[in-house]
Amino acid sequence: MTGFTGENGADKGNNPATAKIFPGLLASFLWIFLFFFLQIVCSVIALVIAIFTSGPLEEFLQNPQVIAQDMSIIALPIIWSLVVANGITLGILMLYLSRHGRLDHIHFNNWSKLGFGATMGIGIAVIAAALAFNFIYSTYIIPGVELQADLKLLFDAIPKTAFNAILLFVMVALLAPILEEFLFRGLLQNALAHRMPVYAAIVISAAIFSLAHVNWFAPQVEFYIFPPIFILGAAFGYLYHLTQSLRVCILLHLLNNSAALALSQFAESASGI
């Protein structure tokens, strides 16, 4: 079985002008930096607007930290800011990738080389194994730990309306998985695979993918989230290697996030009965 782009140090695309230089490692990291930079900028703008429109300025100046941490005030603006930031990033990224055959180089324009049945079977098996590890990790290794608890608090504080549910779905189940697969598999993993064995590229890109999900702005950074997210990232990376299709990884990532969001909303509804 041949590997995906970059396994032997050269891209197998059709454009000789970009075959040896795309995707580049520096460019891949710059896109990831832009991804987070826009999220931070849009979040700060949203927080400022939310805080200054939530009540008298004097009240905020007296208790800035308390108000800035009030989820009832900041939750929905943060969700909006992430949707806007990710939408802008995805739009710019697609303009960049649509030129010079770049989408072909990262294997976005093709489905799996393994065939539908084999792809679905392997995909389900690999993702199921990653989810099984997450269950064992949160049940037996660190019992009772809630992965991405800060994100759950944010979701729980959003007013329960149909429009907000759609907004949350767009952010969690559409924009996030699409962008993450383009950035961490299509660009970063490919760029790393130009310079090292493919499985090392999978491990390193999965590690960076996991670190990207750590809340570095929390009062106490919770590194316990690293192992389960790393395993999930490695699972997507391995699928990308086997199928040579970014579409397959995006589709499975969409399904994974959709299921996780649906289960979290169902659990919340059940607990309120």
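Student: At what angle do helix 1 and helix 4 pack, and how far apart are their axes?

Tutor: Axes here are lines fitted to C-alpha atoms, for helices over the stretch in contact, and angles run from 0 to 180 degrees between N-to-C directions. Helix 1 and helix 4 pack at about 150 degrees, with axes 8 Å apart. That makes helix 1 roughly antiparallel to helix 4. The cut-offs: under 35 degrees is roughly parallel, over 145 roughly antiparallel, 65 to 115 roughly perpendicular, and the rest oblique.

Student: What kind of model is this, and what rules apply to its values?

Tutor: It is a predicted model: local features need pLDDT of at least 70, side-chain atom pairs count only at pLDDT 80 or more, and totals for chains, interfaces and linings use all residues. Residues are numbered from 1 along each chain as its sequence is written, and side-chain values use heavy atoms, with hydrogens and water left out.

Student: How many helices and strands are there?

Tutor: Helices (H or I, at least four residues) and strands (E, at least two) are DSSP runs, numbered from the N terminus. The chain has 11 helices and zero strands.

Student: Which hand does the crossing of helix 1 and helix 4 have?

Tutor: A crossing is left-handed if the near helix is turned anticlockwise from the far one by less than a right angle, and right-handed if clockwise. Helix 1 and helix 4 cross right-handed.

Student: How does helix 4 pack on helix 8?

Tutor: The angle is about 40 degrees, and the axes are 9 Å apart. That makes helix 4 oblique to helix 8. Helix 4 passes helix 8 in a left-handed crossing. Contact means heavy atoms within 4.5 Å. On helix 4, the contact residues include Leu 76, Ile 79, Trp 80 and Asn 86. On helix 8, they include Phe 163, Asn 164, Met 171 and Phe 182.

Student: At what angle do helix 1 and helix 8 cross?

Tutor: They cross at roughly 160 degrees, and their axes come within 8 Å. Helix 1 and helix 8 are therefore roughly antiparallel to each other. Helix 1 passes helix 8 in a left-handed crossing. Helix 1 contributes Phe 29, Trp 31 and Phe 35, among others, to the contact. Helix 8 contributes residues including Leu 183, Phe 184 and Leu 187.

Student: How much of the chain is buried?

Tutor: Buried means under 20% relative accessible area, exposed over 50%, and partly exposed in between (1.4 Å probe, protein chains only). Of the 273 residues, 43% count as buried. For surface totals, accessible areas come from the Shrake-Rupley method with a 1.4 Å probe; for residues, only the protein chains shown count as cover. The chain exposes about 13,700 Å², and carbon and sulfur atoms supply 72% of it.

Student: How many residues does the largest nonpolar core have?

Tutor: A nonpolar core is a set of buried Ala, Val, Leu, Ile, Met, Phe, Trp, Tyr and Cys residues joined through side-chain atoms within 4.5 Å. The largest has 51 residues. Those with the most contacts inside it include Ile 79, Leu 93, Phe 182 and Leu 187. Elements giving two or more residues include helix 1 (25-52), helix 4 (71-97) and helix 8 (162-193). Helix 8 gives the largest share, 13 residues. Apart from this core lies another, of five residues, among them Val 198 and Phe 230.

Student: Which residues does Ile 79 contact?

Tutor: Leave aside its neighbours within four places in sequence. Ile 79 then contacts Leu 154, Phe 155, Ile 158, Leu 167, Leu 168 and Met 171.

Student: What share of contacts joins residues at least 24 apart?

Tutor: Take contacts between residues at least 6 apart in sequence; 79% of them join residues at least 24 apart.

Student: Is Gln 39 buried or exposed?

Tutor: Gln 39 is found in helix 1. At 15% relative accessibility, Gln 39 counts as buried. Beyond residues up to four places away in sequence, Gln 39 touches Leu 82, Ala 85 and Asn 86.

Student: What is the phi of His 100?

Tutor: His 100 has a positive phi of about 60 degrees although it is not a glycine. His 100 lies in the loop between helix 4 and helix 5 (102-105). At 40% relative accessibility, His 100 counts as partly exposed.

Student: Where is His 107 found?

Tutor: His 107 is in the loop between helix 5 and helix 6. His 107 has a positive phi of about 60 degrees, and it is not a glycine. At 12% relative accessibility, His 107 counts as buried.
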